[in-house]
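User: Please present the structure and then examine how its elements pack.

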Amino acid sequence: MSSSPQPSQTVRHGDKRYPALSRGFNQRWIATPEYVRLVRSPEDARASLEAAVRETPKNPDRKRITVRSGGHCYEDFVCGTDVRVILDVSPMCDMYHDSDMDAYCVEAGAGNWHGYSHLYPMSGKALPGGSCYSVGLGGHITGGGYGLLSRQFGLTVDYLYAVEVAVVKPDRSVELVVAKRDDPDPDLKRLWWAHTGGGGGNFGLITRFWFRDLPEPPSMVMLAGLAWDWKHFTKDDFTSLLTAFGTYFRDNQDPSTAAGKLFAMLVLNHFSNGQIGLLAQVDIDDPGGRAAMKEFIEKVDGGIGPKATAMRTSMGERPTVAQAQIPRDMPWLTATQALDSSGEDQCGKYKSAYISKPFDAAQMDAMWVGLNENGHPGYSNKQSVIQIDSYGGAINRPPRDTAARQRGSIMKMQYQVYWTKNDQKEADYLAWIRDTYKATFAKTGGVPVVGGDNTDGCYINYPDVDLNDTEKWNRSTQKWWTLYYKDAYSTLQQVKKRWDPLNVFHSTQSVRLPD
C-alpha cells in the first residue's frame with residue numbers, strides 16, 4: 001500500500017535551511033521572506049497558496065508571493081526584497097507515464113537533469129531542453145525552453161500537451177485546473193497556450209506538465225570542444241570567425257540534414273580570460289553527422305590566423321571541456337553530462353538577443369571593442385562573456401500555435417558577467433555588460449528590436465530589467481513586453497485577467513493586467 005504524500009514543510013528564520021532556500025543561483029538577489037514553504041503535491045501546493053493569499057503580511061513592504069523551482073531566475077522576480085512568501089516546489093520532481101492522459105507527466109519541481117537522468121533511461125525520450133542541469137523545469141518550460149537538441153527537434157513547448165496550475169480566484173480561494181492543448185473550453189485552452197512561452201510566475205503556481213510525442217535523442221553524438229588564444233587574434237580574425245559562424249547557421253537550417261541538426265556554442269570571453277571557446281555537438285546516428293562536424297569546424301576555423309587548441313579555461317557558466325579538441329564519439333547521455341553545468345553560484349547580470357541573419361559590421365565592431373583588451377582600458381574580468389548559440393532548424397518549422405513567437409532566428413545571444421558578492425568592482429562589471437550590449441545594438445536604440453534588419457527581440461528566460469529603462473538602456477520604440485513576446489502580449493494580458501485577476505503573481509516584468 002503506497003503512502004500519501006507528506007505535507008508541506010515551513011522554513012522560517014532560525015531554521016538552518018532558511019539562508020539557502022531564500023536565495024537562488026544569482027547571489028545578487030537574497031530575500032528575507034516570512035517563510036519558505038516546501039510543497040510536495042499538487043493539493044499541497046493549492047492549499048499552501050490559498051493560505052498565503054489569505055494571510056495578512058507582517059510587513060506591508062513585503063507582500064509578494066513567489067514560486068521557486070530551480071532558483072535560476074536571473075533577476076529579483078523570485079528572491080526580491082519585497083517577497084513575503086516563497087513557495088518552493090522542488091520536492092515535486094517526479095516523472096512518469098500517465099496512462100489516463102496518454103502522456104509523460106513532469107512535475108514542476110524537476111530540473112533539467114531529472115529529464116536526462118530519469119526520463120530518458122525510463123522511456124528513451126527526452127525534452128529538447130536546456131544544458132544547465134540544475135535549472136528548474138517549472139520556469140524553463142514556460143519560457144519556451146531550448147537546448148542542444150532544439151535545432152533537431154524544436155522547443156520543449158512544441159511537445160506540451162497539458163499543464164496543471166493552482167490559480168487564485170477573485171474571492172481568494174485557490175483551485176487546481178488542468179489546461180490542455182485540445183481543451184474545448186477556450187479559457188482553459190488559452191491558459192495552456194500562455195504556458196508555451198508566456199514566461200513563469202505570471203498566471204499561477206504550476207504543479208505538473210504533460211508531454212506527448214516526445215523525441216528520441218540520438219544514441220551517439222560527436223562532441224567537439226576547442227579554443228583559440230586571444231593574444232593571437234586580430235580584428236580581421238575576430239570578424240572572420242563571427243561571419244563564418246553566422247553564415248554556417250544561415251545556410252544550414254534544414255533539421256532533416258546532419259548539418260541542420262548540428263548545435264554549436266561560440267563563447268566569446270573577454271580578453272582577460274585568455275581564450276575564445278567553441279563547443280559543438282552533432283547526431284552521428286545520422287550517416288552524415290561526422291562529415292557535418294568536419295565541415296563546420298573547417299568553415300569556422302579555416303578562415304582565421306590563430307590555431308585551434310584545447311580549452312584551458314572556463315567558458316562563462318560552462319566547465320572546461322579539455323579533452324575534445326579532437327571530436328569525440330560519446331553516448332548522448334554521457335555527452336550531455338559532460339556539458340551539463342550551471343557554474344558557480346555567484347552574482348551575475350545577463351542580456352539576450354535573437355539574431356535572424358549574420359552579424360553586420362557595426363555589431364561585430366562593437367563586440368570587438370567590448371571584448372578586446374583596449375576596449376575598456378583597465379577592465380579585467382575573465383567571466384565577461386558574449387555567448388552565441390546556434391538556433392533555428394526545427395524551432396523554425398511551422399509550429400503549433402504557441403506563445404514562443406521568435407521562430408525565424410538563426411542564433412541566440414546571451415551576454416553574461418559574473419563576480420563574487422562584495423566585489424568592489426561590481427559597478428564596473430555592470431557598466432561593461434550594459435555598454436557593450438547597448439553598443440552592439442546602437443542603431444536600434446540599444447536593444448535588439450523585433451523585426452530589425454537582423455534582430456528579433458529578447459528571450460524571456462534571460463530576463464533583463466534594463467529593458468524597462470526607456471531613458472537610458474532601451475531607447476527604441478518597443479517596450480520590454482514587445483521585445484519578449486512580440487504580438488503575443490495582448491493575448492497574454494487577457495489570460496492574466498481571466499486567471500490571475502488579483503495580480504497575485506507579479507514582478508518588475510510580469511504580464512500586466514490590461515487597462
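User: How closely do the axes of helix H7 and H11 come, and at what angle do they cross?

Analyst: This is a predicted model, in which local features need pLDDT of at least 70, side-chain atom pairs count only at pLDDT 80 or more, and totals for chains, interfaces and linings use all residues. Residues are numbered from 1 along each chain as its sequence is written, and side-chain values use heavy atoms, leaving out hydrogens and water. Helices (DSSP runs of H or I, at least four residues) and strands (E, at least two) are numbered from the N terminus; axes are lines fitted to C-alpha atoms, for helices over the stretch in contact, with angles from 0 to 180 degrees between N-to-C directions. For H7 (residues 235–251) and H11, the axes come within 10 Å and cross at roughly 125°.

User: Which term describes the orientation of H7 and H11 to each other?

Analyst: Angles under 35 degrees count as roughly parallel, over 145 as roughly antiparallel, 65 to 115 as roughly perpendicular and the rest as oblique. The axes cross at roughly 125°. H7 and H11 are therefore oblique.

User: How many nonpolar, polar and charged residues make the contact of H7 with H11?

Analyst: With contact meaning heavy atoms within 4.5 Å, H7 contributes Lys-235, Phe-238, Thr-239, Leu-242 and Thr-243, and H11 contributes Met-364, Asp-365, Met-367, Trp-368 and Leu-371. Ala, Val, Leu, Ile, Met, Phe, Trp, Tyr, Cys and Pro count as nonpolar, Asp, Glu, Lys and Arg as charged, and the others, Gly among them, as polar. The classes are six nonpolar, two polar and two charged.

User: Are H11 and H12 roughly parallel or roughly antiparallel to each other?

Analyst: The axes of H11 (residues 361–371) and H12 come within 8 Å and cross at roughly 160°. The two helices are therefore roughly antiparallel.

User: Which residues of H12 make the contact with H11?

Analyst: From H11, the contact takes Gln-363, Ala-366, Met-367, Gly-370 and Leu-371. The residues of this contact comprise five nonpolar, four polar and no charged. On the H12 side they are Trp-432, Thr-436, Ala-439 and Thr-440.

User: What are the edge strands of the open sheet of seven strands?

Analyst: Two strands pair if DSSP finds at least two bridges between them. The order is S13-S10-S12-S11-S15-S16-S14, with antiparallel pairing. Pairing on one side only marks the edge strands, S13 (328–331) and S14 (347–355).

User: Which strands does helix H12 touch?

Analyst: H12 (residues 426–440) packs on the sheet, and its direction makes about 165° with that of S16. The strands touched are S14, S15 (384–390) and S16.
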